[in-house]
Every structure is written in structure tokens, then in C-alpha cells.
Amino acid sequence: MSYNLLKGKKGIIFGALNELSIAWKVAERAREEGAEIILTNTPAAIRFGQIDELAAKTNSIVIPADATKEADLENVVVSALKHFGGKFDFILHSIGMSLNVRKGLTYDNLNYEYYKKTIDISALSFHKILQTCYKHDAINQWGSVLGLSYIAAQRTLYGYNDMADAKAILESIARSFGYIYGREKKVRVNTISQSPTPTTAGSGVKGFGGLMDFTERMSPLGNASADECADYCVTLFSDLTRKITMQNLFHDGGFSNIGMSAKAMHVYSKNLENDTDGD
Ligand SMILES: NC(=O)c1ccc[n+]([C@@H]2O[C@H](COP(=O)([O-])OP(=O)(O)OC[C@H]3O[C@@H](n4cnc5c(N)ncnc54)[C@H](O)[C@@H]3O)[C@@H](O)[C@H]2O)c1
């Protein structure tokens with residue numbers, strides 16, 4: 001259902017790889033709500049993913065950019081200003097990648113070159129996007145910039161590895177830049193801390209199937225899907241949330257505030273008798 005929440009608004013969406021991507025769902029929902037959008041991803045993701053299909057579906061252009069490269073981001077922002085004929089209203093940063101996770105290197109055996117890449121791709125790129133937009137004064141007053149985070153930024157979860165550190169920085173950037181952007185330009189900056197979601201990046205996390213089952217059982221409302229995340233993003237791009245900024249907003253069915261649920265206790269108790277591993 002459409003509520004025309006983004007009628008007349010324009011935005012840039014980073015990180016749609018394929019139809020599982022959270023950014024893909026956000027692009028579709030933003031269009032449904034009346035927004036005009038530009039899509040961007042790395043040249044490799046554009047080649048190997050299905051972003052062109054999304055561009056056709058949403059009547060949008062695709063601008064290639066590696067979000068770690070300032071020159072690429074400069075090109076995205078300048079091209080967007082030209083394409084839209086002026087400033088735009090929202091940005092989704094839906095970018096994450098860890099070579100340590102991909103290569104199965106654990107947190108006590110990190111490759112530091114990969115670690116730096118994780119931080120650069122998954123966190124510093126958020127700052128680089130914000131700084132580029134700020135310097136060009138590219139975002140309208142009451143505009144909204146969103147990044148996607150995960151609860152491992154704040155609590156340790158097995159297997160999330162160096163991405164936990166990247167997400168902690170991402171959330172901090174939302175606060176630090178949110179203060180400046182809010183004070184100077186009335187632009188909002190927030191992160192959404194999303195449930196585990198079966199996407200290409202999500203499924204790469206060690207033990208992902210077990211994790212999804214655990215959070216589903218623990219959350220009174222169950223895991224939040226990518227479609228539901230897109231709904232939430234749309235509200236945060238809309239004018240209905242103009243005083244929300246510098247926040248990390250949990251979108252996780254209640255998982256972040258629960259210690260133990262009946263459903264999880266049920267499974268845990270059943271397995272206690274057979275438990276031989278005390279870790
Ligand atoms: N899937 C989950 O369980 C989950 C949970 C919470 C938060 N998130 C976050 O949501 C965001 C989107 O991930 P997703 O789950 O939709 O997976 P996804 O694999 O569909 O998206 C990740 C995207 O990051 C892009 N990317 C990687 N390196 C890049 C670079 N250098 N420049 C530009 N783009 C680059 C990829 O091309 C891809 O499109 C990520 O920040 C992720 O950490 C995911």
C-alpha cells in the first residue's frame with residue numbers, strides 16, 4: 001500500500017546487489033511512495049548483480065561508485081545534483097563487507113589489511129558520503145541520511161567478527177555527523193539496527209541459520225524482514241520523523257531488550273541434558 005510519504009522527494013540508494021538486498025527493497029518502497037531515486041554500487045557489483053533490473057523497474061539511473069573512493073563519491077553527488085536539477089532529500093547507506101568474514105579468519109586471528117578494508121567499506125564510507133554531501137550542500141533541509149547497523153555493534157554476538165567494530169564506528173559517525181549536519185543544515189542522520197536478514201552479506205556470517213532461529217525465538221514480534229526494514233526506512237525519509245536524529249534505532253522485533261524468552265527457553269532446556277560442551 002502506498003501513502004505517498006515520499007512524494008516529490010529525491011534520494012540516492014547505495015548497496016542494492018540483488019533482490020534479496022535490503023537496499024533493493026528500500027528502492028522499490030521509496031518509488032512506491034513517490035520518490036525519484038538514483039542507484040549506486042561498485043562496478044563489480046553492477047556487473048555481477050542485478051541492479052540494472054532494479055533500475056528498469058524503478059525508472060532510475062545507476063552511477064557506479066566504490067564507496068571507499070572519495071573521487072567516486074564526489075562523482076555520485078555531483079551527478080545526482082545535475083540529474084535531479086538541484087538538492088536531494090535522502091540517502092541510504094546499505095554497504096557492508098568483511099574479507100576476514102569471507103575468508104573464515106576469526107577475531108583472534110585477523111588479517112589487518114582486511115580489517116582496515118572492513119572498517120573503510122562498512123563504516124568510513126558513511127562518513128565519506130556525509131562529508132561529500134555536506135561540502136556540496138547537496139541535501140535539502142529536513143533531509144534524512146540512514147545507515148544500516150547490527151546489534152553486534154553494542155553486544156558481542158558469536159561470529160560477527162570485525163564487522164562488529166565497523167558497526168560501532170558506523171553508529172558513532174551517525175551521532176557525530178548528525179550533530180553537525182543537524183545544527184548547520186537541519187539534516188537528520190540515523191542508523192537502523194536490523195534483525196538478521198537472509199541476504200548475500202547476511203548469509204556470509206558464521207552460523208547465520210542458527211542465529212536467525214535464535215533471534216526469531218527470542219523476539220516477541222519475531223525477526224524483522226527486509227521488506228519491513230524498507231517500510232521503516234521510508235518513514236525515516238519522510239516528513240513524519242523530522243525531529244529524529246543522531247539515533248541508533250532498533251528494528252528487531254524486540255530482540256535488543258530481551259534476556260530470555262519462553263520459546264528460546266523451551267529449546268535450551270530440551271538440549272541441556274545432552275550438553276557435553278561447557279563453552
Ligand atoms: N543481512 C543482515 O543480516 C543484516 C543485519 C543488519 C544490518 N545489515 C546491514 O545491511 C546493509 C546491507 O546489507 P544486505 O544484508 O542487504 O546485504 P547485500 O550483500 O545485499 O548488500 C551489501 C552491499 O554492499 C555493497 N558494497 C560492498 N563493498 C562496497 C564498496 N566498496 N562500495 C560500495 N558498495 C559496496 C555490495 O555490493 C552490496 O550491494 C549492510 O550494511 C549490512 O551490514 C544486514
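The questions and answers below walk through a predicted model, from its overall build to single residues.

Reader: Before we start, what pLDDT do local features need in this predicted model?
Author: Happy to set that out: residues are numbered from 1 along each chain as its sequence is written. In this predicted model, totals for chains, interfaces and linings use all residues, side-chain atom pairs count only at pLDDT 80 or more, and local features need pLDDT of at least 70.

Reader: How many helices and strands are there in the protein chain?
Author: Helices (H or I, at least four residues) and strands (E, at least two) are DSSP runs, numbered from the N terminus. On that basis, the protein chain has 11 helices and 7 strands.

Reader: What is the radius of gyration of the protein chain, and what does the globule rule give?
Author: The radius is taken over C-alpha atoms, and the globule rule is 2.2 Å times the number of residues to the power 0.38. The chain is as compact as a globular protein of its length, because for 279 residues its radius of gyration is close to the rule's value: 19 Å for the chain and 19 Å from the rule.

Reader: What share of the residues in the protein chain is buried?
Author: A residue is buried if 20 or more other C-beta atoms lie within 10 Å of its own, exposed if 12 or fewer, and partly exposed in between, with C-beta atoms placed from the backbone. Of the 279 residues in the protein chain, the buried share is 44%.

Reader: Which helix gives the most to the shell around the ligand?
Author: The ligand is surrounded by 28 residues, and the closest are Ser21, Gly96, Thr199, Ala201 and Gly202; being near here takes a C-beta atom, placed from the backbone, within 6 Å. H1, strand E5 (139–149) and helix H8 (200–203) each supply at least two residues of this shell. The top contributor, with 3 residues, is H8.

Reader: How many charged residues does the shell around the ligand have?
Author: Ala, Val, Leu, Ile, Met, Phe, Trp, Tyr, Cys and Pro count as nonpolar, Asp, Glu, Lys and Arg as charged, and the others, Gly among them, as polar. The shell has 14 nonpolar and 13 polar residues, and its number of charged residues is 1.

Reader: In which sense does E4 pair with E5?
Author: Strand E4 (residues 88–93) is mostly covered, with 6 of its 6 residues buried. Strands pair if DSSP finds at least two bridges between them. E4 pairs with strand E1 (residues 10–14) in the parallel sense over 4 bridges, and there Ile13 has Leu92 as its bridge partner. With E5, where Phe88 is bridged to Ile139, E4 forms 5 bridges, and the sense is parallel.

Reader: Which residues does Cys233 touch?
Author: Two residues are in contact if their C-beta atoms, placed from the backbone, lie within 7 Å. Not counting residues up to four places away in sequence, Cys233 touches Val26, Leu92, Leu146 and Ile192.

Reader: What phi does Asp137 have?
Author: Most residues other than glycine have a negative phi. Asp137 is found in the loop between helix H6 (112–135) and E5, where it is exposed, with 12 other C-beta atoms within 10 Å. Although Asp137 is not a glycine, its phi is positive, at about 45°.

Reader: And what phi does Lys186 have?
Author: Lys186 lies in the loop between H7 and strand E6 (188–194). Lys186 is partly exposed, with 14 other C-beta atoms within 10 Å. Lys186 is not a glycine either, yet its phi is positive, at about 60°.
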